[in-house]
Amino acid sequence: MVWGHSLDLKCDFIDRNFLHYCQNQTVLEIGCFEGWITDRIVAHNPKKLILLESHKKSVDFVVKKFPQATVIHGDMHEDLMQVGKVNVALVLGVIYHSHAPLHALEKLVNSCEPDIIILDNMQPFLDWKEEIPNEPGMRNIIDNKRTSNIVISISNEITITAMKNLGYNLVKQDEYPHPSQGWGNPIFHFEKHE
Ligand SMILES: C[S@@+](CC[C@H](N)C(=O)[O-])C[C@H]1O[C@@H](n2cnc3c(N)ncnc32)[C@H](O)[C@@H]1O
């Protein structure tokens with residue numbers, strides 16, 4: 001299978017099913033990498049677009065590619081306070097690169113209070129593995145601090161329970177279709193209740 005084609009199919013699927021919520025909203029995308037999904041977000045005309053990305057090369061790339069966006073070179077475990085309140089948060093292809101996924105979700109909710117969170121999980125089971133930080137597309141550390149080199153993935157049940165306890169209802173759950181990149185893995189739409 002051609003990688004570029006499967007990536008396009010994944011972006012098409014996200015675009016068709018989830019990105020219309022971005023229209024005229026303040027949108028945060030965490031872990032935009034080279035902006036494949038960002039391209040699609042921009043097409044939905046968000047009022048404001050904030051990109052939080054920890055890899056310096058990706059940051060430099062998206063600063064040039066999306067001059068209309070606010071780009072923050074930061075880590076989702078530590079720097080979400082810089083973002084402030086958003087309407088829609090997109091957490092795609094990134095939660096499984098975290099050493100502390102529940103901490104990252106707590107940070108997102110408490111720092112940015114998104115009305116809608118679109119979250120996928122490319123390793124939807126409770127597990128851990130070693131992952132060398134700072135390889136392109138992987139867990140990223142923005143300074144030279146020591147790290148455990150371990151990432152932890154969480155199951156659908158943990159994800160949904162954690163989000164419920166954080167004040168978010170699961171509005172929709174789907175999975176990436178075959179033969180798109182990540183096919184079979186879940187994507188969730190959560191909405192803040194109260
Ligand atoms: C696999 S890519 C996903 C790209 C795109 N979002 C997608 O779903 O196709 C993971 C991205 O998340 C970034 N990333 C990894 N750890 C991060 C962290 N702690 N905070 C912010 N971004 C991070 C990586 O640098 C990379 O750009």
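This is a predicted model: local features need pLDDT of at least 70, side-chain atom pairs count only at pLDDT 80 or more; totals for chains, interfaces and linings use all residues.
**Exercise 1. Gln-181**

Solution. 
Step 1. Compare its accessibility with the cut-off.
Step 2. Examine the side chain. A polar contact of 2.9 Å joins the side chain of Gln-181 to the side chain of Lys-10. Lys-10 is in turn one of the residues that come nearest to the ligand.

**Exercise 2. The surroundings of the ligand**

Solution. 
Step 1. Inspect individual atom pairs. A polar backbone atom of Gly-31 is 2.8 Å from a nitrogen atom of the ligand. For Phe-33, a polar backbone atom is 3.3 Å from a ligand oxygen atom. Glu-53 takes part through its side chain, with a polar atom 2.6 Å from an oxygen atom of the ligand.
Step 2. Consider the cover. On its own the ligand has 600 Å² of accessible area, of which the protein covers 95%.

**Exercise 3. Aromatic rings**

Task: Explain why the pair of Phe-33 and Trp-36 is edge-to-face, and name which residues ring pairs link into a cluster.

Solution. 
Step 1. Note the two quantities required: a pair of aromatic rings is described by the distance of the centres and the angle of the planes.
Step 2. Count the pairs. The whole structure contains 4 aromatic pairs.
Step 3. Apply the criteria. The ring centres of Phe-33 and Trp-36 are 5.2 Å apart and their planes stand at 90 degrees, so this pair is edge-to-face; the cut-off for that class is over 60 degrees.
Step 4. Turn to the cluster: ring pairs link Phe-13, Phe-18 and Tyr-176. Lys-172 lies over the face of Phe-18, 4.6 Å from the ring centre.

**Exercise 4. Backbone geometry**

Task: Determine which peptide bond to Pro-179 is cis, and where Asn-45 and Asn-149 are found.

Solution. 
Step 1. Examine the proline. The peptide bond from His-178 to Pro-179 is cis, and its omega is near 5 degrees. Pro-179 has its place in the loop between strand S8 (168-175) and strand S9 (186-192).
Step 2. Examine Asn-45. Its phi is positive, at about 55 degrees, although Asn-45 is not a glycine. The residue is found in the loop between helix H2 (36-43) and strand S2 (48-53).
Step 3. Examine Asn-149. Its phi is also positive, near 60 degrees, and Asn-149 lies in the loop between strand S6 (127-130) and strand S7 (150-153). With a relative accessible area of 22%, Asn-149 is partly exposed.

Key:
Residues are numbered from 1 along each chain as its sequence is written. Side-chain values use heavy atoms; hydrogens and water are left out. A residue is near a molecule or strand if one of its heavy atoms lies within 4 Å of it. A polar contact is a pair of N or O atoms within 3.5 Å; within protein, one must be able to donate a hydrogen and the other to accept it, and residues adjacent in sequence count only if both atoms are side-chain atoms. Accessible areas come from the Shrake-Rupley method with a 1.4 Å probe; for residues, only the protein chains shown count as cover. Rings of Phe, Tyr and Trp (its six-membered ring) pair if their centres lie within 6.5 Å; planes under 30 degrees apart count as stacked, over 60 as edge-to-face and the rest as tilted. A charge sits over a ring if NZ of Lys or CZ of Arg is within 6 Å of the ring centre and within 35 degrees of the ring normal. Helices (H or I, at least four residues) and strands (E, at least two) are DSSP runs, numbered from the N terminus. Buried means under 20% relative accessible area, exposed over 50%, partly exposed in between (1.4 Å probe, protein chains only).
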